[in-house]
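Here is a short report for a reader new to this structure. Have the sequence and the model at hand as you read.

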Amino acid sequence: MTEASTAPGRLTGLVRRVAGLVRRPPAALAALADQGVVSGFGFVSGIAAARLLGIAEFGHFAMILIVLSFAQALHNALITAPMMTLVGARKGVSTAYAATILAGAFLLSVPGAVFVVIALLIAGMSGETLLAACALMLAQNLQFTLRRLLFAKGRGVQALLMDFARAASFPLVALVLWLEHDVIGGNGFVWLLAATSLATCLPFVVSVGRPILRRPGLVQTGAVFRRHIPLARWLLPIVFVTFVQEQLIWLVAGSALGLEELGGLRAAQYLVGTVLLLLSATENVLPVAAARAQAEGGDAALRSYLLRAGVKLGVPIITILAVLAVPGEMWLRLIFGSEYAAYANCLRILSVSVVIVLARDLTSNYFRAKQNTRVLFESLCVSMVVSLAVVVPLMRGGGVSGAAAAVGAGHLASLVYLVLAARRQSCPAPAWPSPGWWRRSLGLARSA
């Protein structure tokens, strides 16, 4: 058979493989695509908000998102993170468990709404802002829960379609509203996010929740709660510590310095966020490879692997950050608008913080590979204490740049703590003399 005659056969086989991937893509590919859609939507919608709202209204919007991030982290610690572990152990999601998880997402939104209202009242917001924030909190929690449930059931393509529908519908609805009213305020932007999220996840809410209407006894909140709590007991304190160490400082900066300052800081965060997404993606590879290196070659192999990974990651990350930070004014003016260019120092400080976070993540994987996670929690506590201790004097001296530096100082403190802990682990403990050593050294040991 000639090469020319086999070419059509190869082409047909390639087309069939591509069609098979489209019909039933691998779970990893669907997860990667979905993460790209979700992260891309968050990045683009943030830039759109900065452009449409103006710097003060963007600061108002940023403060709402900061409060909601804590509510969603609590939801993840109690509902979705334990769910993924339990589903992985049982290799499946029963109808009763899925219905209970959805009911739990609704129930947990009640204390979540209480927290959101209290936090925003303290920040000086009221009225429509509180309602809009609670609506977005409920919508995001439901969509996040359904996304995880669909992937756990092996229906990742449906999760991808749900998130893509939200990402595609939002700019269309926003454009229509902007053309009709010529302005979209901060609250309007939040309402729009909530409405598009609820609309696109509603079919899946109905699908998962329909069995509850037929058989209310399917909901077993007590049993599920008892199974989730042992897994959530360490996740919850980590949520509180990380919130205080960073998000609370942003809230303090917004309240003390003004929403314009917070808006400028948030714009700088969006730019370095592109690099943080790359760091987040390494979670799929680094922990597994580090654990394998530890198992196969011990401490020396683990250190060697982390050093190589640090060089491979560090070179492109530092290059990207330098390209962003050195001409920081240009990027902020080009992407967000001229009023944001004054916050280039925040961009530079946050870029240095990302390098510190990279080093800290690599050091954290050293302890994760050795199955010693307690020291990670301790390092986060150190980070929180240092950030809180320095934030007020740094803000007095440098304004919003000082707030960014306070968070960076906390990251640096946690890195130093981890490095010192790693050195202590690698050095053998001193051998204490056995009882009676002084008798033997003087030749006074009793004869047998």
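Which residue forms a salt bridge with Asp34? The partner is Arg147, and the closest N and O atoms of the pair are 3.6 Å apart. A salt bridge here is a side-chain nitrogen of Lys or Arg within 4 Å of a carboxyl oxygen of Asp or Glu.

## The model and its confidence

This is a predicted model, in which local features need pLDDT of at least 70, side-chain atom pairs count only at pLDDT 80 or more, and totals for chains, interfaces and linings use all residues. Residues are numbered from 1 along each chain as its sequence is written, and side-chain values use heavy atoms, with hydrogens and water left out.

The pLDDT is the predictor's confidence in each residue, from 0 to 100. The chain averages 82, and 85% of the residues score at least 70. Confidence is highest in helix α12 (residues 328-335), at a mean of 93. Confidence is lowest in helix α16 (residues 437-441), at a mean of 46. Residues 431-435 have a pLDDT below 50, and beyond near neighbours in sequence this stretch has 2 contacts in the model. Residues 444-448 also fall below 50, and that stretch has 3 such contacts. Contact means heavy atoms within 4.5 Å.

## The overall fold

The chain has 16 helices and 0 strands. Helices (H or I, at least four residues) and strands (E, at least two) are DSSP runs, numbered from the N terminus.

Of the 448 residues, 44% count as buried. Buried means under 20% relative accessible area, exposed means over 50%, and partly exposed lies in between (1.4 Å probe, protein chains only). Take the contacts between residues at least 6 apart in sequence: 81% of them join residues at least 24 apart.

## Charged pairs

Side chains of opposite charge can pair when their charged atoms come close. The whole structure holds 5 salt bridges. One of them is the Asp34 and Arg147 pair. This pair links distant parts of the chain: Asp34 is in helix α2 (residues 27-53), Arg147 is in helix α5 (residues 128-152), and they are 113 residues apart. Asp34 is buried, at a relative accessible area of 4%. Arg147 is buried too, at 12%.

Arg147 also forms a salt bridge with Asp163, with the closest N and O atoms 2.7 Å apart. Asp163 lies in helix α6 (residues 156-181) and Arg147 in helix α5, so the pair ties together parts that are 16 residues apart in sequence. Both of these residues are buried. Shared partners join Asp34, Arg147 and Asp163 into one network.

Another salt bridge pairs Arg348 with Glu329, at 2.8 Å between the closest N and O atoms. Arg348 is in helix α13 (residues 344-369) and Glu329 in helix α12, 19 residues apart. Arg348 is partly exposed, with a relative accessible area of 26%. Glu329 is also partly exposed, at 31%.

## Helix α14

What span should helix α14 have? At 1.5 Å a residue, its 25 residues (374-398) should span 36 Å, and the end C-alpha atoms are 35 Å apart, which agrees. The expected span is 1.5 Å times one less than the number of residues.

α14 bends by about 40° at Val391, and Pro393 follows within four residues. The bend is the angle between axes fitted to the seven residues ending at a residue and the seven starting there. Buried residues of α14 include Phe377, Leu380, Met384, Val391 and Met395. Just after the helix, Gly399 takes a positive phi of about 65°.

Ser197 sits in helix α7 (residues 186-214). Is Ser197 buried or exposed? Ser197 is buried, with a relative accessible area of 0%. A polar atom of its side chain lies 3.4 Å from the backbone oxygen of Ala139. Leaving aside neighbours within four places in sequence, Ser197 is in contact with Ala139, Gln140, Gln143 and Arg166.

Glu339 is in the loop between α12 and α13. Glu339 is partly exposed, at a relative accessible area of 41%. Not counting residues up to four places away in sequence, Glu339 touches Gly54 and Ile55. The backbone nitrogen of Ile55 lies 3.4 Å from a polar atom of the Glu339 side chain. Glu339 and Glu260 are 79 residues apart in sequence, and their C-alpha atoms are 9.5 Å apart in space.

Conventions:
A polar contact is a pair of N or O atoms within 3.5 Å; within protein, one must be able to donate a hydrogen and the other to accept it, and residues adjacent in sequence count only if both atoms are side-chain atoms.
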